[in-house]
Amino acid sequence: MIKVIVIDDEPLALQQIAEMVSRTPYFELVAACDSAFEAMQTMEQQHIDAIFTDINMPDLSGMKYIEYLREQPIVVFTTAYSQYAVDGYKVGAVDYLLKPFGQPEFQRAAAKVKEQYELRQAAHLQAATTPTTPASSDNNILFVKDGYNYIRILLADIVYIESQSEYLKLYLKDGTSHMALMSLKNMILLLPPESFLRIHRSYIVNMTHIKSVSRGRVFLDRNQELPIGDLYKEQVFQFIEKRIIGK
């Protein structure tokens with residue numbers, strides 16, 4: 001069963017979506033919350049797989065709440081404002097329900113949640129059964145599975161790594177890229193901490209390819225730039241501080 005919470009500050013809307021969740025056979029409704037703060041308390045007490053949340057709420061919006069979560073559940077936004085759709089997808093939501101919506105629209109979103117949940121379960125199973133040995137100076141390569149082939153990648157050639165749902169995309173210095181079924185959380189364990197740093201919930205960067213850091217962004221080779229997430233700013237600047245010369 002997929003453990004779900006719903007968040008909405010409007011009582012009727014909250015009741016409606018809670019009933020839709022309860023009628024979905026593969027969902028387990030854990031809590032119906034009237035604010036993001038109530039949802040926080042629920043998530044501190046138990047694991048949640050998916051969230052259906054309104055965006056425009058007082059005190060703390062659904063969008064900001066999702067951005068602040070370290071480990072993100074599967075997210076579907078529900079709102080009366082269509083202009084939020086693009087922003088919703090930017091923070092990794094799998095779908096967007098525009099109010100008022102009915103059971104057919106909800107079920108389409110629920111199917112996407114189920115698909116994403118199954119992908120995550122498969123990735124977790126693969127991670128649990130795949131040995132993860134931290135990289136060392138004598139172990140500076142990775143292999144990426146491509147069909148029946150295993151492609152060797154030098155760690156020094158990786159510029160940055162991007163999370164794309166349950167997959168990672170590795171960008172190399174020659175301009176090519178490769179996909180791998182793994183989470184950033186598990187990937188960082190394979191990389192030497194003296195070179196690789198997580199700078200955002202969606203990015204790991206090879207610090208040897210950074211040209212500069214400015215205004216909350218890192219600038220890389222080939223004129224690429226990436227944002228630094230609020231949760232990662234301190235460790236990024238600690239990394240830099242240890243290496244500053246001519247202070």
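Student: How many aromatic pairs are there?

Tutor: The model is predicted, so local features need pLDDT of at least 70 and side-chain atom pairs count only at pLDDT 80 or more, whereas totals for chains, interfaces and linings use all residues. Residues are numbered from 1 along each chain as its sequence is written, and side-chain values use heavy atoms, without hydrogens and water. Rings of Phe, Tyr and Trp (its six-membered ring) pair if their centres lie within 6.5 Å; planes under 30 degrees apart are stacked, over 60 edge-to-face and the rest tilted. By this rule the number of aromatic pairs is six.

Student: What is the geometry of the aromatic pair Tyr 26 and Phe 27?

Tutor: A pair of aromatic rings is described by the distance of the centres and the angle of the planes. For Tyr 26 and Phe 27 the centres are 5.1 Å apart and the planes stand at 80°, which makes the pair edge-to-face.

Student: Which residues form one aromatic cluster, and is Phe 27 buried or exposed?

Tutor: The cluster consists of Tyr 26, Phe 27, Phe 52 and Phe 106. Buried means under 20% relative accessible area, exposed over 50%, and partly exposed in between (1.4 Å probe, protein chains only). Phe 27 has a relative accessibility of 3%, and therefore counts as buried.

Student: Which members of the largest nonpolar core touch the most other members?

Tutor: A nonpolar core is a set of buried Ala, Val, Leu, Ile, Met, Phe, Trp, Tyr and Cys residues joined through side-chain atoms within 4.5 Å. The largest has 21 residues, and those touching the most other members are Val 4, Val 6, Phe 27, Phe 52, Phe 106 and Val 113.

Student: Which helices and strands each supply at least two residues of this core?

Tutor: Helices (H or I, at least four residues) and strands (E, at least two) are DSSP runs, numbered from the N terminus. At least two core residues come from each of strand 1 (2-7), helix 1 (11-22), strand 3 (50-54), strand 4 (74-79) and helix 5 (103-129).

Student: What is the polar contact distance between the side chains of Lys 3 and Glu 28?

Tutor: Lys 3 belongs to strand 1 and, at 26% relative accessibility, counts as partly exposed. A polar contact is a pair of N or O atoms within 3.5 Å; within protein, one must be able to donate a hydrogen and the other to accept it, and residues adjacent in sequence count only if both atoms are side-chain atoms. The side chains of Lys 3 and Glu 28 make such a contact at 3.1 Å.

Student: Why is one side of strand 10 and of strand 11 left without a neighbour in the sheet?

Tutor: Two strands pair if DSSP finds at least two bridges between them. The open sheet of five strands has the order 10-9-8-12-11, with antiparallel pairing. Strand 10 (177-181) and strand 11 (196-200) stand at its edges, so one side of each lacks a neighbour because each has a single partner strand.

Student: Which residue in strand 10 stands opposite Leu 168?

Tutor: Strand 9 (residues 167-172) is joined to strand 10 by five bridges in the antiparallel sense. Along this pairing, Leu 170 has His 178 as its bridge partner. The residue opposite Leu 168 is Ala 180.

Student: Which residue takes a positive phi in the hairpin of strand 8 and strand 9?

Tutor: Strand 8 (residues 158-164) runs antiparallel to strand 9, with six bridges joining them. The hairpin has two residues between the strands, and the residue with a positive phi, near 60°, is Ser 165.
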